[in-house]
Amino acid sequence: MNLLFGAISMGLVLSLLGLGVYIFYRVLDTFDLTVDGSFAFGAVIAGVLLTRGISSFWASAARFVAGMAAGAVSGV
């Protein structure tokens, strides 16, 4: 049961990434990989901060800011 719950929760999280990629490739007809890059960049930032003992709240806040910064740099 635990494996099933983990698989469903991971699928729901990654479906948001797939939806973002679908919107850029099909609907807007542009080539933009910011969705893939900012998602992974935020995950790396949160992972590094969590392994260094930072609380999960601040790691999530830093992940959010890092994703926004990656999108802003790509947009400019």
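Which residues form a nonpolar patch on the surface? In this predicted model, the patch consists of L19, Y22, I23, V27 and L28, which together have about 490 Å² of accessible area.

## Basis of the description

The model is predicted, and local features therefore need pLDDT of at least 70, while side-chain atom pairs count only at pLDDT 80 or more and totals for chains, interfaces and linings use all residues. Residues are numbered from 1 along each chain as its sequence is written, and side-chain values use heavy atoms, with hydrogens and water left out.

## The nonpolar surface patch

A patch is made of residues with over 30% relative accessible area and no salt bridge, with nonpolar side chains (Val, Leu, Ile, Met, Phe, Trp, Tyr) joined within 5 Å and like charges within 9 Å. A salt bridge here is a side-chain nitrogen of Lys or Arg within 4 Å of a carboxyl oxygen of Asp or Glu, and accessible areas come from the Shrake-Rupley method with a 1.4 Å probe, for residues with only the protein chains shown as cover.

One member of the patch, L28, lies in the loop between α1 (2-27) and α2, where helices are DSSP runs (H or I) of at least four residues, numbered from the N terminus. L28 counts as partly exposed because its relative accessibility is 47%, given that buried means under 20%, exposed over 50% and partly exposed in between.

## The largest pocket

The largest pocket has a volume of about 180 Å³, the volume being the space filled by probe spheres set on grid points that are joined across faces, edges and corners. A pocket is an open set of points on a 1 Å grid over the protein atoms alone, where a 1.4 Å probe fits, with protein on both sides within 12 Å along at least five of seven lines, and lining residues have an atom within 4 Å of a point.

The lining is made up of S38, F39, G42, A43, R63, F64, G67 and M68, and the elements that give two or more residues to it are α2 (34-51) and α3 (56-75). By class, four of these residues are nonpolar, three polar and one charged, with Gly counted as polar and Arg as charged.

## Individual helix positions

T34, in helix α2, is buried because its relative accessible area is 17%; T34 and G75 are 41 residues apart in sequence, with 8.8 Å between their C-alpha atoms.

L16, in helix α1, counts as exposed at 62% relative accessibility, and its C-alpha lies 18 Å from that of A46, 30 residues apart in sequence. A70, in helix α3, is partly exposed at 23%, and the C-alpha atoms of A70 and A46 are separated by 14 Å, at 24 residues apart along the chain.

Notes
Buried < 20%, exposed > 50% of the residue type's maximum accessible area, 1.4 Å probe, protein only.
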